[in-house]
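My entries follow in the order in which I looked.

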Amino acid sequence: MEGAQESPAESSPPAPGSEEPAGSARSPEVLPPEESEACARPLEMAPKKLCGYLSKFGGKGPIRGWKSRWFFYDERKCHLYYSRTAQDANPLDSIDLSSAVFDCKADAEEGTFEIKTPSRIFTLKAATKQVMLYWLQQLQMKRWEFHNSPPAPPAAPDAAPAGHGPALRLELEQEEAELEEFLCPVKTPPGLVGVAAALQPVPAMPSALQNISLKHLGTEIQNTMYNIRGNRQAPEAGHRPPGGDSPPSGEPRREEQASPADPSAPGRDPADSPKPTPKSSLTSNLIQKAKRQNNTFPLFGEGLAWSRTGQEKVSALEQQVLALTEELKSQKDDMEAYRTQNRFLNSEIHQVTKIWRKVAEKERALLMKCAYLQARNCQVESKYLAGLRRLQEAVGDEASECAKLLRQLSQEALQWEASEASADSVVLSPIGEYDEYGFLTVPNYEVEDLKLLAKIQALEVRSHHLLAHEAVERPLRERWAALGELAPSAELKQLLREGVPREHRPRVWRWLVHLRVQHLQAPGRYQELLSWGQAREHPAARQIELDLNRTFPNNKHFTCPTSTFPEKLRRVLLAFSWQNPSIGYCQGLNRLAAIALLVLDEEESAFWCLVAIVESIMPADYYSKTLTSSQVDQRVLQDLLSEKLPRLMAHLGQHRVDLSFVTFNWFLVVFADSLISNILLQVWDAFLYEGTKVVFRYALAIFKYNEEEILRLQDALEIYQYLHFFTKTICNSQKLMSIAFNDMNPFPMKQLRQLRAAHRERLEAELRELERLKAEYLETRASQRPLVPEGCTSEDEADGDA
């Protein structure tokens with residue numbers, strides 16, 4: 001493909017500040033002197049430009065029709081400007097090609113093509129088919145170069161485009177030339193584009209008024225005055241366009257109104273000129289052929305009478321042959337036109353797809369950069385708050401200006417913006433008040449020191465999430481999207497350990513729950529249990545009501561008065577109390593059901609999830625009144641901690657710290673109150689598939705994650721205070737997962753069963769001994785007569801005296 005020709009047109013006209021919709025008025029724009037004088041440059045100094053005369057369809061009412069326009073391309077902005085003549089100082093308007101697509105139609109008038117932008121459709125017409133194809137191919141090339149290399153710096157308007165534009169052009173030409181289904185490179189039409197086109201007379205129009213743009217009347221007047229001044233100052237320069245069709249500036253005119261282009265060949269208004277006859281399509285030709293055959297060929301049987309001479313018969317046959325030959329030629333032309341159109345559209349689709357991919361890559365790169373900057377901002381703010389906290393501790397309660405300043409800074413740092421920004425505005429705060437599941441990002445602690453720690457942790461969590469999004473979450477989403485049907489496998493087990501993306505989690509959890517309770521599920525079972533609860537009150541109903549208001553006080557779905565979640569939770573818990581009368585209700589079940597509701601949203605699905613945890617995953621008696629299995633697991637955890645983390649257990653033993661005060665609740669509600677939501681749900685993803693072994697793994701991993709911090713504490717009270725909230729300081733889910741499933745190995749299920757059996761036996765023996773001692777005490781108490789100390793009267797005697 002030959003390169004774009006040089007032109008005396010403007011080298012870099014200023015693009016409008018914004019693309020305005022069709023029909024809107026806009027003020028005229030004046031080019032800099034060096035731009036407006038581009039037409040007078042010598043040919044060898046003129047920059048390489050794509051330019052030439054084309055007809056543009058537009059207008060409204062009696063002036064609707066084709067208008068001759070001079071089009072020239074701006075390399076820097078990927079805009080196609082147009083003016084009335086090549087000598088005009090200011091362009092009338094421009095077409096943004098960066099997001100445009102090009103189209104040509106085989107059944108339209110010859111040379112007609114379209115440029116479709118998101119806001120308008122421009123219908124243009126070239127003098128010949130070759131000129132049209134040249135323009136289309138050059139526009140494609142310019143659009144490709146714009147998306148693959150940065151535009152030229154504004155300070156050097158005459159410079160060639162920056163980057164590797166020629167290499168890209170050559171690459172694209174070679175690629176399209178190798179593919180037969182693409183349009184072949186079109187040679188430059190001599191005299192119709194570039195310098196030669198600028199030197200040609202302006203295409204004649206039926207009237208000068210028809211070619212004037214009333215929409216841009218101010219620009220037309222400026223161009224007319226500029227041309228008049230130019231002709232007076234330098235008549236020998238030849239700037240006056242041939243034809244002398246400059247409109248009088250004082251004549252009143254109506255603005256030209258843009259209108260949508262007809263997808264077929266647009267015609268002229270009857271007041272201007274006859275409408276052009278559109279090119280006949282292949283389908284219409286075939287229909288006409290069939291009609292001719294039906295009307296002519298029967299003459300062989302009836303039309304050609306025996307009375308006709310042989311010469312007449314030959315003449316009729318020759319006419320039929322001539323008609324069929326012309327028709328065949330027309331059909332061949334139509335087929336060639338459609339073949340050309342198809343090749344061009346193939347190349348257009350191919351290039352637009354490649355541009356879309358590159359734009360998507362740029363968008364991803366910008367999102368990664370934005371996430372990195374936001375993460376750095378979170379880290380800086382976190383360090384600021386940590387330093388502020390240390391200064392506050394150092395100053396203490398001293399009544400000094402420094403202490404007042406620190407208190408003021410602390411209050412400002414803890415101020416939280418409750419109002420959420422609108423979707424179309426820029427969110428300045430790096431973290432939101434609530435996470436995606438409705439939990440408060442920064443819990444509202446009463447102690448100011450804990451508030452600072454909580455906000456520091458929230459910033460660190462946000463920072464880690466932003467940095468890990470592209471590196472971890474995006475590949476994980478792609479793996480889940482390609483997984484297809486769910487089936488137990490080693491691959492699924494690993495994916496569940498790494499976490500399920502939010503969009504896939506409801507479907508995956510329903511499948512996991514079904515695996516656990518498919519032998520218990522029956523159609524209509526949940527509704528049947530609800531009807532039982534409506535007929536009579538369960539003994540656990542009062543305790544359920546008490547716990548409803550205590551379910552996740554830091555989650556907006558359970559604290560908002562208009563939320564439907566509390567009512568859903570009530571029905572789920574009442575249904576479960578009838579499903580399992582031996583348990584009825586146990587404190588902790590409300591949080592298990594609440595987590596299921598937040599993910600699954602449906603009551604029945606949440607109900608069966610609760611059934612799966614209590615009756616299938618957890619050991620028997622885990623939620624009974626004695627909590628036997630729960631106590632056994634606490635002893636098993638102590639053994640595993642001593643084996644896996646001996647330094648930590650020795651340190652805690654030295655300060656007489658009983659971990660069960662913290663860990664008992666971890667096991668009972670599967671960390672529902674302890675971990676931030678994204679890590680908590682990742683734990684549940686593996687827990688629903690693998691069972692209670694996951695709870696032990698993560699309990700050990702949590703202590704390993706914070707082992708060094710705990711070892712630095714040298715006071716039992718400080719250790720207990722730290723253990724109260726330290727799980728919320730974990731922000732790196734991948735690190736925690738790696739500790740749980742890699743650093744904690746070996747972790748055989750056989751060992752877990754043996755430890756449980758041994759501790760259960762010892763616990764039951766202790767409980768039997770306790771029951772024996774209790775029975776002995778009651779027996780001894782009953783056999784002894786109650787003694788009344790001297791000087792005192794019994795209650796019965798006192799009542800008698802009264």
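**Ground rules.** I am working with a predicted model, in which local features need pLDDT of at least 70 and side-chain atom pairs count only at pLDDT 80 or more, while totals for chains, interfaces and linings use all residues. Residues are numbered from 1 along each chain as its sequence is written, and side-chain values use heavy atoms, with hydrogens and water left out.

**Whole chain.** I looked up the secondary structure and found 27 helices and 7 strands, where helices (H or I, at least four residues) and strands (E, at least two) are DSSP runs numbered from the N terminus. Of the 802 residues, 45% count as buried, that is, under 20% relative accessible area with a 1.4 Å probe and protein chains only. I also noted that, of the contacts (heavy atoms within 4.5 Å) with a separation of 6 or more, 71% are between residues 24 or more positions apart. 

Strand 1 (residues 51-58) runs antiparallel to strand 2 and is joined to it by 8 bridges, pairing being counted if DSSP finds at least two bridges between two strands. G58 stands opposite G65 in strand 2, and the hairpin of strands 1 and 2 has 6 residues between them, with G59 in the turn at a positive phi of about 90°. On to strand 3 (residues 79-83), which is antiparallel to strand 2 and linked to it by 5 bridges. Here D74 stands opposite H79, and the hairpin has 4 residues between its strands, with C78 in the turn at a positive phi of about 55°.

**Helices 10 and 21.** How do the axes of helix 10 (residues 490-498) and helix 21 (residues 677-690) cross? They come within 7 Å and cross at roughly 150°, with axes fitted to C-alpha atoms over the stretch in contact and angles running from 0 to 180 degrees between N-to-C directions. The two helices are therefore roughly antiparallel, a label given to angles over 145 degrees. From helix 10, L492, K493, L496, R497 and E498 meet Q682, D685, A686, Y689 and E690 of helix 21. I also listed the buried residues of helix 10, which are L492, L495, L496, R497 and E498. Just after helix 10, G499 takes a positive phi of about 110°.

Methods:
Angles under 35 degrees count as roughly parallel, over 145 as roughly antiparallel, 65 to 115 as roughly perpendicular and the rest as oblique. Buried means under 20% relative accessible area, exposed over 50%, partly exposed in between (1.4 Å probe, protein chains only).
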